[in-house]
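Good morning, and thank you for making time for this presentation.

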Amino acid sequence: KTGGGILLLDDWNRADIRFIQAVMELVDRQEYISWKLPKDWHIILSTNPDNGDYHVNTLDEAQKGRFFNVEMKFDVDCWAEWAERSGMDSRCINFVLMNPEMVQKVQPRVMTRFFNKISYIKDFQSSLGKIERDGESSVGLEFATAFCLFINNKLDKLPNPKNLLTHKDYDKVKEVMIDAIGKDSSYRADIAAVITRRLLNYSLFMVKEKQMNNDVIERIVKFSTEDMLTNDLKYYLVNNLLNQERSTFQKIMMNPQIMKMAVK
């Protein structure tokens, strides 16, 4: 391969100690016996934490001093963007956005596998027992209980961003939005924030998939100027769309309300 590349060695500290030592030479000298790293290639080693929760080999300070160390942390916004692009079950994305603290209690990879396992179920409420059992055996009792409470409160019924952006009948969409978010004294700021985040992520997904069109952009203008969302959420939506895909969404600046909002 020309132009360089990356050699990724996953779960490196689970390997036999002899392999770890060989990799150390490869990192240090870019070669090991008959192996040689091509020009402009780089090595990335992934490891599991050495905190007693994983079966790993402890690395000494001399080994750690041979490469840069970066500790990866879960970011709910990054996960939500990835989940939108990957076609993750919309109900599960909503749960994570509404309960980001729950992800601190379970490995994100395990959580994602659990979501994929139950995504075939059309009606979560009618299969609550199965979901609870599957959840306890994978993501744990506390996470499973919170997810079942989410279902019992009918929060798995929140509108899908694809339907909100592409449904032809805007009056129907507006009715669904208000029913989910509420208004005046019944307004649910937490639900409004989740829906706004989903609208942003799905809009960016549509741009990347070349599915964005004038009808959807006009729908975004309506969401950003009417009274369903609070001003801070409308600003959040407009500002992020313009920052991330200005060339696509530049035309929304033709609306005087959005122009005023964007130049604040």
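This is a predicted model: local features need pLDDT of at least 70, side-chain atom pairs count only at pLDDT 80 or more; totals for chains, interfaces and linings use all residues.

**Local features, helix packing and cores**

Asp11 counts as partly exposed because its relative accessibility is 24%; buried means under 20% relative accessible area, exposed over 50%, and partly exposed in between, with a 1.4 Å probe and protein chains only. Residues are numbered from 1 along each chain as its sequence is written, and side-chain values use heavy atoms, with hydrogens and water left out.

To return to Asp11, this residue is found in the loop between strand 1 (5-9) and helix 1 (17-29). Helices (H or I, at least four residues) and strands (E, at least two) are DSSP runs, numbered from the N terminus. As background, most residues other than glycine have a negative phi.

Lys210 also has a positive phi, near 60°, and is a residue other than glycine. Its place is the loop between helix 10 and helix 11 (214-225). Is Lys210 buried or exposed? With a relative accessible area of 76%, Lys210 is exposed. Asn213 lies in the loop between helix 10 and helix 11, and is partly exposed at 35% relative accessible area.

Leu7 is partly exposed, with a relative accessible area of 26%. Leaving out residues up to four places away in sequence, Leu7 touches Leu26, Leu37, Trp41, His42, Ile43 and Ile44, where contact means heavy atoms within 4.5 Å. From the C-alpha atom of Leu7 to that of Met111, 104 residues apart along the chain, the separation is 27 Å.

I turn now to the helices. Two packed helices are described by the angle between their axes and the distance between the axes. Axes are lines fitted to C-alpha atoms, for helices over the stretch in contact, and angles run from 0 to 180 degrees between N-to-C directions.

How do helix 4 and helix 7 cross? The axes of helix 4 (residues 90-98) and helix 7 (residues 141-152) come within 11 Å, crossing at roughly 110°. Helix 4 is therefore roughly perpendicular to helix 7; angles under 35 degrees count as roughly parallel, over 145 as roughly antiparallel, 65 to 115 as roughly perpendicular and the rest as oblique. On the helix 4 side, Arg91, Cys92, Asn94, Phe95 and Met98 meet Phe143, Ala146, Phe147 and Phe150 of helix 7. By class, this contact has seven nonpolar, one polar and one charged residues. Here Ala, Val, Leu, Ile, Met, Phe, Trp, Tyr, Cys and Pro count as nonpolar, Asp, Glu, Lys and Arg as charged, and the others, Gly among them, as polar.

Helix 4 also packs with helix 5 (residues 108-118), at an angle of about 145° and with the axes 10 Å apart. Cys92, Phe95 and Val96 of helix 4 and Met111, Phe115 and Ile118 of helix 5 make the contact. Its residues are six nonpolar, no polar and no charged.

For helix 9 (residues 170-181) and helix 10, the axes come within 8 Å and cross at roughly 135°. That angle makes helix 9 oblique to helix 10. Met177, Ala180 and Ile181 in helix 9 meet Ile191, Ala192 and Ile195 in helix 10. This contact divides into six nonpolar, no polar and no charged residues.

Finally, the cores. A nonpolar core is a set of buried Ala, Val, Leu, Ile, Met, Phe, Trp, Tyr and Cys residues joined through side-chain atoms within 4.5 Å. Which members of the largest nonpolar core touch the most other members? Of its 68 residues, they are Phe115 and Phe147. Helix 10 (residues 189-208) gives the largest share of this core, 11 residues. A second, separate core has eight residues, among them Ala15, Ile20, Val27 and Leu59.
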